[in-house]
Amino acid sequence: PGETTLDRIHQSMILFAAGRGEALRRFLVDDGAGKDQRFWRLAQALSALYPKASEEKRWIAGVLARKKGLGL
């Protein structure tokens, strides 16, 4: 996992964009990135800032959608 919360969010967005769902699950659950509430607060803030039609908005939305399903 990256050094900062922002690094970890970007890593999760890249995994989502690449269609690597199992790797994203491992990153968020097994590696613990998703267990930090700062991760989810910053992800939500970034989601609000990205333009609606951007790829980044779609990627962060995909990461945020995984939260409940993974029990985070």
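Leu 46 counts as buried because its relative accessibility is 14%, where buried means under 20% relative accessible area, exposed over 50% and partly exposed in between, with a 1.4 Å probe and protein chains only. This residue is a handy place to begin a tour of a predicted model, in which local features need pLDDT of at least 70, side-chain atom pairs count only at pLDDT 80 or more, and totals for chains, interfaces and linings use all residues. Residues are numbered from 1 along each chain as its sequence is written, and side-chain values use heavy atoms, with hydrogens and water left out.

Leu 46 sits in helix α3; helices (H or I, at least four residues) and strands (E, at least two) are DSSP runs, numbered from the N terminus. With its neighbours within four places in sequence set aside, Leu 46 is in contact with Leu 6 and Ile 9, contact meaning heavy atoms within 4.5 Å. Leu 46 is also 14 residues from Ile 60 in sequence, with 7.8 Å between their C-alpha atoms.

Stepping back to the whole protein, the secondary structure consists of four helices and zero strands. Along the sequence this gives the pattern α-α-α-α. The radius of gyration is 11 Å, close to the 11 Å that the globule rule gives for 72 residues, so the protein is as compact as a globular protein of that length. Here the radius is taken over C-alpha atoms, and the rule is 2.2 Å times the number of residues to the power 0.38. Taken along the principal axes, the C-alpha atoms fill a box of roughly 30 × 25 × 25 Å. Of the 72 residues, 38% count as buried. Among contacts with a separation of 6 or more, 57% come from residues 24 or more positions apart. The accessible surface is about 4,400 Å², and carbon and sulfur atoms account for 55% of that area; accessible areas come from the Shrake-Rupley method with a 1.4 Å probe, and for residues only the protein chains shown count as cover.

The largest nonpolar core has 17 residues, of which Ile 9, Met 13, Leu 28, Phe 39, Trp 40, Ile 60 and Val 63 touch the most other members. Such a core is a set of buried Ala, Val, Leu, Ile, Met, Phe, Trp, Tyr and Cys residues joined through side-chain atoms within 4.5 Å. At least two residues of this core are supplied by each of α1 (5–17), α2, α3 and α4 (55–69).

Helix α4 has 15 residues and reaches 22 Å from its first C-alpha to its last, close to the 21 Å expected at 1.5 Å a residue; the expected span is 1.5 Å times one less than the number of residues. Ala 61, which lies in α4, counts as partly exposed because its relative accessibility is 37%. Between Ala 61 and Leu 6, which are 55 residues apart along the chain, the C-alpha separation is 15 Å. After α4 comes Gly 71, with a positive phi near 70°.

In helix α2, the buried residues are Ala 23, Leu 24, Phe 27, Leu 28 and Val 29, and their cover includes α1, α3 and α4. Glu 22, also in α2, counts as partly exposed at 44% relative accessibility. The side chains of Glu 22 and Arg 25 are joined by a polar contact of 2.9 Å. A polar contact is a pair of N or O atoms within 3.5 Å; within protein, one must be able to donate a hydrogen and the other to accept it, and residues adjacent in sequence count only if both atoms are side-chain atoms. Just after α2, Gly 32 has a positive phi of about 90°.

The loop between α2 (21–30) and α3 (37–49) holds Asp 36. A polar contact of 2.7 Å links the side chain of Asp 36 to that of Arg 38. Beyond its neighbours within four places in sequence, Asp 36 is in contact with Thr 5 and Arg 8. Thr 5 belongs to helix α1 and is buried, with a relative accessible area of 15%. Not counting residues up to four places away in sequence, Thr 5 touches Asp 36, Arg 38, Phe 39 and Leu 42.
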